[in-house]
Amino acid sequence: MAQAFQLFEEDYQIINTTLARLLTESNARIVLLVDRSGQLISSHGDTSNLDSTAFASLSAGNFAATSALAKILGQDEFSVLFHQGEKESIHISVVQSRVILVVVFDNRTSLGLVRLRVKKSLEELSNVFENIFSKLGAVQNVGLDESFSSVAESEIDNLFRD
Amino acid sequence: MSLINYANKEINCKIVYYGCGLCGKTTNLLYVHKKIEGGTKGKLISLATETDRTLFFDFLPLDLGTIQGFTTRFHLYTVPGQVHYDASRKLILKGVDGLVFVVDSQVERIDDNIESLENLKVNLRTQGYEFDELPMVIQYNKRDLPNVIPVDELEKKLNHRGDPSFESIATDGIGVFDTLRAISKLVLADLSKQR
């Protein structure tokens, strides 16, 4: 199995501060940070009417498909994707080739402002994730003790049944 | 690659259902979605063609609840089985923690199953994984059909690693949860082994 992607308090706080600032400064509606395998890392903004788990999975799928298109064209990847809707638009960009930053915005702001603020946030996030990825493999899974899998097994038996 | 967030105490794992076209991968997810209680499951997303063939993937998030303080979630994905969707299939394997290989047990599909298993190994390698290192469960599906290959023969042809295997009739739900329980346990056992 691949080494688990581990996030600790300190890094997570920096990520959340950066995302919160991006949300305010860009005047966007929602900001999400998603692992390229489709798992949501963090979200900011009003997600009460948004299925953020599904949104994260589809964003990652979308980004993966577009990256594959770029490779067919002989490019490394498209670093930015933009989907324009009548009311809502989506801006997607990549951080350290491993994580994607998704900004959902409406006509209260502009693509130019979103792009400008995203660029600044990408630099900050890039530093955090460089640090996180450099620690992968060096840090043990603290907190998961030996009884974890036995407790998990009984929970699995309890929930996953007809 | 599972995501462990120590700050907000979350563990997310990705399980991918793989196998040849029409072997029953989506049917597995549909049954799980139908039977699991509301609070445990998220919305089932299907990116399918007009004829209900999987075009990109199906996605079903399951919430196991809190285990030792960690909110633990499984994200179930299927790949498109048809041969010509290989480029899409590869992408779904990114970040996979465990595999369910669904086999169409019918005599005439044996070559398709073998080809799909070989294709899985190749595609894992392109995503930087070693096939032998990933937890996997094999599901011999469509056992209710008249022209199926005996299980011991399928084991010889497809289960070279000696992985746990289950007979199933996914349309009726038989074997679906046995398979899901087995792979979920293997994935979490693997995760705690890394500590």
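Reader: Which side chains does Lys157(B) or Glu153(B) meet in a salt bridge?

Author: Start with the general idea. Side chains of opposite charge can pair when their charged atoms come close. A salt bridge here is a side-chain nitrogen of Lys or Arg within 4 Å of a carboxyl oxygen of Asp or Glu. In this predicted model, local features need pLDDT of at least 70, side-chain atom pairs count only at pLDDT 80 or more, and totals for chains, interfaces and linings use all residues. Residues are numbered from 1 along each chain as its sequence is written, chains are lettered from A and ligands numbered from 1 in the order in which they are written, and side-chain values use heavy atoms, without hydrogens and water. Now the case: Lys157(B) and Glu153(B) pair with each other, at 4.0 Å from N to O. Both sit in helix H4 (residues 151-158) of chain B, four residues apart, so about one helical turn separates them. Helices are DSSP runs of H or I with at least four residues, strands are runs of E with at least two, and both are numbered from the N terminus.

Reader: Which parts does the pair of Lys120(A) and Glu25(A) tie together?

Author: Their side chains form a salt bridge at 3.7 Å, N to O. Lys120(A) is in helix H3 (residues 111-135) of chain A and Glu25(A) in helix H1 (residues 9-26) of chain A, so the pair joins parts 95 residues apart in sequence.

Reader: How many salt bridges does the structure hold?

Author: Over all chains, 18. Some form a network: Asp104(B), Arg109(B), Asp112(B) and Lys142(B) are linked this way.

Reader: Now the spaces. How many cavities of 30 Å³ or more are there?

Author: Rolling a probe the size of a water molecule over the atoms shows where empty space is left. A cavity is a set of points, on a 1 Å grid over the protein atoms alone, where a 1.4 Å probe fits but cannot get out; lining residues have an atom within 4 Å of a point. Grid points are joined across faces, edges and corners, and a volume is the space filled by probe spheres set on the points. The count here is three. Of its 14 lining residues, the closest to its centre are Ser37(A), Ala60(A), Gly61(A), Lys14(B) and Leu91(B).

How values were computed: On a 1 Å grid over the protein atoms alone, a cavity is a set of points where a 1.4 Å probe fits but cannot get out, and a pocket is an open set with protein on both sides within 12 Å along at least five of seven lines; lining residues have an atom within 4 Å of a point.
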